[in-house]
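Please consider the structure shown below. The paragraphs that follow lead from the whole chain to particular helices and then to individual residues.

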Amino acid sequence: MLARIDLRGQTPTASELRHALPRGGTDVDSVIPTVAPVVQAIRERGAAAALEYGEKFDSVVPASVRVPEEKFAEALETLDTSVVDALKESIRRVRAFHSTQVPEDHSVEIAPGGVVAERWVPVERVGLYVPGGKAVYPSSVIMNVVPAQEAGVQSLVIASPPQEDGWPHPTILAACSLLGVDEVWAVGGAQAVALLAYGDRDEQLEPVDMITGPGNIFVTAAKRLVRGVVGIDSEAGPTEIAIVADASANAVEVAYDLISQAEHDPMAASVLITTSEEFADAVDKEVSEGYSVTLNADRVKEALEGQQSGIVVVDTVEAAIAAANAYAAEHLEIHTEDSESVAAKITNAGAIFIGRYSPVPLGDYSAGSNHVLPTSGSARHSSGLSTHTFLKSIHVVNYNKEALHEISETVQTLAKAERLPAHGEAIAARFTD
């Protein structure tokens, strides 16, 4: 069922690996002409335009953009208590981890009387996008809200698509209630991103300073268009899992993990990198026999048979590590005889899951880590969502007269070398009668 790539007997370079490994592709540029008019209309006409596009794309018009306060309590009251308990426990675990990520302010005396400090300041207002199309994602509410709260963000708004009743899914609203978020906009897609960026003064919908959260290609295109007006976390592509495994791994468990990620989206990527052809055969057999019993079997089949998924066979564990680093997976599982030592050699991954008892679905919900992670190979240079995402670093320079005088000749020399004499004159003026 899964395409096979045999790299045995080869020592490919990182560049060759990037070309050889399975990889799908989302051409964000291809939908820019569709999304740009939406963004422009909402920039000009605000909420009215957002609601018009919502009706056009989803055939739903909420009674108001902002969800009424009573809807949160209703959603929480009607939610099954087991789901409420599960959400609470996931919130606790995610908060326990993200609370440790807040950096401390610090200062350094560069020279006597010359101090440079670094202050960490939260972004003032953040818009968090939560999808609501093929699945419902209260977990994404948790993953976006908790790190923002731990960073000290004071103003949060969530945008999520309205369902048939005109409001975001009740599970989304219940998660918001548990987290103390009382501002939710019933807007989805590209129009939600644009409205978060530009707001609507007449409707008292304040624009945000940063937008985070996953979404489809249209959401990603809108984030690209408003980047600069607001900050964004990343341009998220389809979700992906890579698994490094040797013959000691459990084929049934690995197959289930590949299937589980494939049910997110027909464009989701499931990649196995293994040193054993026999294990590759066993996993392929388990995947072929097991996917059909899942609720989303058609979606899973399309993802697993797509060009973005496959099995890569290599000679050694070291070759598997090189392939994994070249692929730079959003989620990377390690199933080898010494999984921890292999994981220590991974330099490119959004998140690493070590051993058979740390599967990716654990991270999707309740490990405590974040599930908003870099995709499409961007883990080579980017990190996942965290408390750091919502913090700004401000450098504070505080030199006295003596400290400035001591370095003044150096600054003037460099200013002259760069042909920017006024820079040097600004220094000299402080020591001239």
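Of the 433 residues in the protein chain, 48% are buried, where buried means under 20% relative accessible area, exposed means over 50%, and partly exposed lies in between (1.4 Å probe, protein chains only). This is a predicted model, in which local features need pLDDT of at least 70 and side-chain atom pairs count only at pLDDT 80 or more, while totals for chains, interfaces and linings use all residues. Residues are numbered from 1 along each chain as its sequence is written, and side-chain values use heavy atoms, with hydrogens and water left out.

The protein chain contains 17 helices and 14 strands; these are DSSP runs numbered from the N terminus, with helices (H or I) of at least four residues and strands (E) of at least two. The C-alpha trace spans about 85 × 60 × 45 Å along its principal axes. Contact means heavy atoms within 4.5 Å. Among the contacts in the chain with a separation of 6 or more, 75% are between residues 24 or more positions apart.

Helix H7 (residues 170-179) is a mostly covered element, with 7 of its 10 residues buried. These are Thr171, Ile172, Leu173, Ala174, Ala175, Cys176 and Leu179. The buried residues of H7 pack against several elements, including helix H4 (69-78), helix H5 (81-98) and strand S5 (155-159). After H7 comes Gly180, whose phi is positive, near 80 degrees.

How is the packing of two helices described? Two packed helices are described by the angle between their axes and the distance between the axes. The axes of H6 and H7 come within 9 Å and cross at roughly 25 degrees; axes are lines fitted to C-alpha atoms, for helices over the stretch in contact, and angles run from 0 to 180 degrees between N-to-C directions. H6 and H7 are therefore roughly parallel to each other, since angles under 35 degrees count as roughly parallel, over 145 as roughly antiparallel, 65 to 115 as roughly perpendicular and the rest as oblique. Residues of H6, among them Val141, Ile142 and Val145, meet residues of H7 that include Ile172, Ala175 and Cys176.

Helix H6 (residues 138-151) also holds Met143. With a relative accessible area of 0%, Met143 is buried. Leaving aside neighbours within four places in sequence, the contacts of Met143 include Val94, Tyr365, His371 and Leu385. The C-alpha atoms of Met143 and Ala403, in contrast, are separated by 46 Å, and the two residues are 260 apart along the chain.

A second pair of helices may now be examined. The axes of helix H2 (residues 28-45) and helix H9 (residues 217-226) come within 8 Å and cross at roughly 70 degrees. H2 and H9 are therefore roughly perpendicular to each other. Where they meet, H2 contributes residues including Val31, Ile32 and Val35, and H9 contributes residues including Phe218, Ala221 and Leu225.

A search of the whole structure finds 1 aromatic pair. Tyr53 and Phe57 form this pair, which is stacked, at 5.7 Å centre to centre and 25 degrees between the planes. Rings of Phe, Tyr and Trp (its six-membered ring) pair if their centres lie within 6.5 Å; planes under 30 degrees apart count as stacked, over 60 as edge-to-face and the rest as tilted. Both Tyr53 and Phe57 lie in helix H3 (residues 47-58), 4 residues apart, about one turn of the helix. Tyr53 counts as buried, at 17% relative accessibility, whereas Phe57 is partly exposed, with a relative accessible area of 42%.
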